[in-house]
Number of protein chains: 2
Amino acid sequence: MATVDATTESGKDAAAPPAPPRAGGFPGADLALRLLLFASTLAGLVVLATAKQTVLFPVTLPQLPQVIFVSMPAKFKDSPALIYLLVALCVTCFYSLLTALGSLKLISGSSTPKTLFLLLLLDVFYAAVMASATGSGGGVAWIGLKGNSHTRWNKICDTYGKFCRHIGGAVFLGLVASIVLVLLAALNAYSLYRRSRR
Amino acid sequence: MATVDATTESGKDAAAPPAPPRAGGFPGADLALRLLLFASTLAGLVVLATAKQTVLFPVTLPQLPQVIFVSMPAKFKDSPALIYLLVALCVTCFYSLLTALGSLKLISGSSTPKTLFLLLLLDVFYAAVMASATGSGGGVAWIGLKGNSHTRWNKICDTYGKFCRHIGGAVFLGLVASIVLVLLAALNAYSLYRRSRR
């Protein structure tokens, strides 16, 4: 019954004074958050994919009179955790694009509780995936930044500064994406809650 | 209006043949999942807190005739990522205990959409926290297991086998807890969805 009400009501949302809650809850906020999600994951993808720096290390060999330089590149592909972060950012970016279109459907007012429920499930799933990828990338980035004297893992960020700034930026954008996904899940949950009270 | 209906209906849920969906959705499954969450986080806590191993390394000094042994302990406190995992497991364990009591209330039938909504919000939040802690612990554990030749971070699990088994176990239990939290969020979302269709 509630579904029929929502779809018939949805066309006219102009100036009815104390209007009942809309079908999609806050479709404008939903769309804005999904666009923010898209922007942050896309930026994270670009920042992470371009994280590459080559440093020349001077090496002296007793056989040779002059100093030779050995180039040592650092790239995100060297760490499985950063590859996981890239894949998660990529998949979430694609997801945010698709659901932004779904959100436009919400704005047009044709959302059903089923749409909200499915979006909520997907948001929760992607929030967990993004959070775990951010955690794993962040854990590795932290070792790169601070090192670990107990395991004798030396920090690399004093040498590979630019590389580390890219990784740090990607982890930060991953964190933003995770928070946005949690907020989206909360928003959809609230929309379902409002409908369930009616 | 709907809220009043729900609370008055909730007392009598005995044997009306084609009964409408219950208030709490699947309170039995909810309680079972919360107990599983409690068990996994408690086990993870114990396994992680007891992750300690001391290895004796033989050292030969030119000044001394005999070989001396240097003890080098490995404990979870040496890594910020593992401390984060411990804190997340601890907080989630406490949360699972509290909400298992809340779930008993669901079984008694006195749940409102508001309870479901708040539980859903908390489940999503804790799922994100647990997932990020699992990711960060897993990222560090992976370096300990495999090392990283590019950054010259050597693996430590060939020496500290028992320690690594504990860390791996804690990360696995953290993963189980994250999955259970996502399932709990999905279950609560479904309960809200069922109510919103009525």
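This is a predicted model: local features need pLDDT of at least 70, side-chain atom pairs count only at pLDDT 80 or more; totals for chains, interfaces and linings use all residues.
Let me begin with the interface: chain B and chain A bury about 3,400 Å² between them, 74% of it on carbon and sulfur atoms, where buried area is the accessible area (1.4 Å probe) that two parts lose on being put together, summed over both. Of the area that chain B buries against chain A, 17% comes from Trp153(B), Tyr193(B) and Ser196(B), more than from any other three residues.

Residues are numbered from 1 along each chain as its sequence is written, chains are lettered from A and ligands numbered from 1 in the order in which they are written, and side-chain values use heavy atoms, with hydrogens and water left out.

Counting contacts, meaning heavy atoms within 4.5 Å, we find 39 residues of chain B in contact with 39 residues of chain A. Across this interface there are 4 residue pairs in polar contact, both residues being at pLDDT 80 or more; a polar contact is a pair of N or O atoms within 3.5 Å, where, within protein, one must be able to donate a hydrogen and the other to accept it, and residues adjacent in sequence count only if both atoms are side-chain atoms. On the side of chain B that touches chain A, the elements giving two or more residues are α1 (2-9), α4 (113-146) and α5 (161-197) of chain B, and α4(B) gives the most, with 16 residues. Helices here (H or I, at least four residues) and strands (E, at least two) are DSSP runs, numbered from the N terminus.

Turning to the fold, chain A has 5 helices and 2 strands, which run α-α-β-β-α-α-α from the N terminus on.

Finally, one residue: Ala177(B) lies in helix α5 of chain B and is buried, with a relative accessible area of 0%, buried meaning under 20%, exposed over 50% and partly exposed in between (1.4 Å probe, protein chains only). Beyond its neighbours within four places in sequence, Ala177(B) is in contact with Leu37(B), Ser40(B), Thr41(B) and Met130(B).
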